[in-house]
Amino acid sequence: MLSKAKMVSIKRKAIESLYTDTCTIITEKDTVNTETGIVETARVTSKEYPCRISYINLPTTNGDGFPVMSQSVTLFLNPEVDVPAGADVDVMRQGRKLHFKAAGVPAIYDNHQEISLVNRDVHDG
C-alpha cells in the first residue's frame, strides 16, 4: 500500500504532464510613500507557471426562449501558487496570449487547484 504522500506525488505528476500552457498572475499591492504618506498601488506580475485551461460550452436560454451559448473557463494550476479572487491572469496558449480574471476563490486540492476564469478585455493604447 502506498502512502498518501506517494499517491499525491504520483497523481500530481500525471496531472502536471497535461499542463501545456503557461500563466502569469497579476495582482495589485498598496504601499505607502514614506515621503508623502500617499498610498500608491503597484501592479505585481508573478513568474510564469505551467498550467492548463479547460473550456466548457454550455447551451442556455435567455428570458425570451432563444438559445444562447455560455462558456465556462477553468484554470488548472499547482496548489502552491497564490491566485486571489479578482486577480488578473494572463495565459499563453498555443502562441496566443489570453486575458482573464479569477472569478472567485480557487478550489484547492492536494495535487492541483481549479480556478474559474472570466474573460478580461485589454485595451492597448
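Let me start with M7, which sits in helix α1, residues 4-16. Keep in mind that this is a predicted model. Is M7 buried, exposed or partly exposed? Partly exposed, because its relative accessibility is 34%. M7 also belongs to a surface patch. The patch is nonpolar, covers about 250 Å², and is made by L2, M7 and I10.

Now the inside. In soluble globular proteins, nonpolar side chains tend to be buried together. Here, the largest nonpolar core counts 16 residues. Which of them have the most contacts inside the core? They are C23, L75, L77, V83, V89, V91 and L117. Six elements are on the next slide. Strands β1 (21-32), β3 (49-61), β4, β5 (88-93), β6 (96-102) and β8 (113-119) each give two or more residues to this core. Which one gives the largest share? That is β4, with three residues.

T74 has a relative accessibility of 15%, so it counts as buried; the cut-off is under 20%. What does T74 touch, setting aside residues up to four places away in sequence? R52, I53 and S54 on one stretch of numbering, E114 and I115 on another.

Next, D88, in strand β5. D88 is charged by name, but let the numbers speak. Its relative accessibility is 8%, so D88 counts as buried. What does its side chain make a polar contact with? The side chain of K101, at 2.8 Å. Leaving aside neighbours within four places in sequence, D88 is in contact with T24, I25, I26, R43, F100, K101 and R120.

That brings in F100, found in strand β6. F100 is buried, because its relative accessible area is 5%, under the 20% cut-off. Not counting residues up to four places away in sequence, F100 touches I53, Y55, V73, A87, D88, V89, V91, L117, V118, N119 and R120. How far is F100 from F76? The two are 24 residues apart in sequence, and 13 Å apart in space, C-alpha to C-alpha.

Key:
Residues are numbered from 1 along each chain as its sequence is written. This is a predicted model: local features need pLDDT of at least 70, side-chain atom pairs count only at pLDDT 80 or more; totals for chains, interfaces and linings use all residues. Side-chain values use heavy atoms; hydrogens and water are left out. Buried means under 20% relative accessible area, exposed over 50%, partly exposed in between (1.4 Å probe, protein chains only). Contact means heavy atoms within 4.5 Å. A nonpolar core is a set of buried Ala, Val, Leu, Ile, Met, Phe, Trp, Tyr and Cys residues joined through side-chain atoms within 4.5 Å. Helices (H or I, at least four residues) and strands (E, at least two) are DSSP runs, numbered from the N terminus. Patches are made of residues with over 30% relative accessible area and no salt bridge: like charges are joined within 9 Å, nonpolar side chains (Val, Leu, Ile, Met, Phe, Trp, Tyr) within 5 Å. Accessible areas come from the Shrake-Rupley method with a 1.4 Å probe; for residues, only the protein chains shown count as cover. A salt bridge is a side-chain nitrogen of Lys or Arg within 4 Å of a carboxyl oxygen of Asp or Glu. A polar contact is a pair of N or O atoms within 3.5 Å; within protein, one must be able to donate a hydrogen and the other to accept it, and residues adjacent in sequence count only if both atoms are side-chain atoms.
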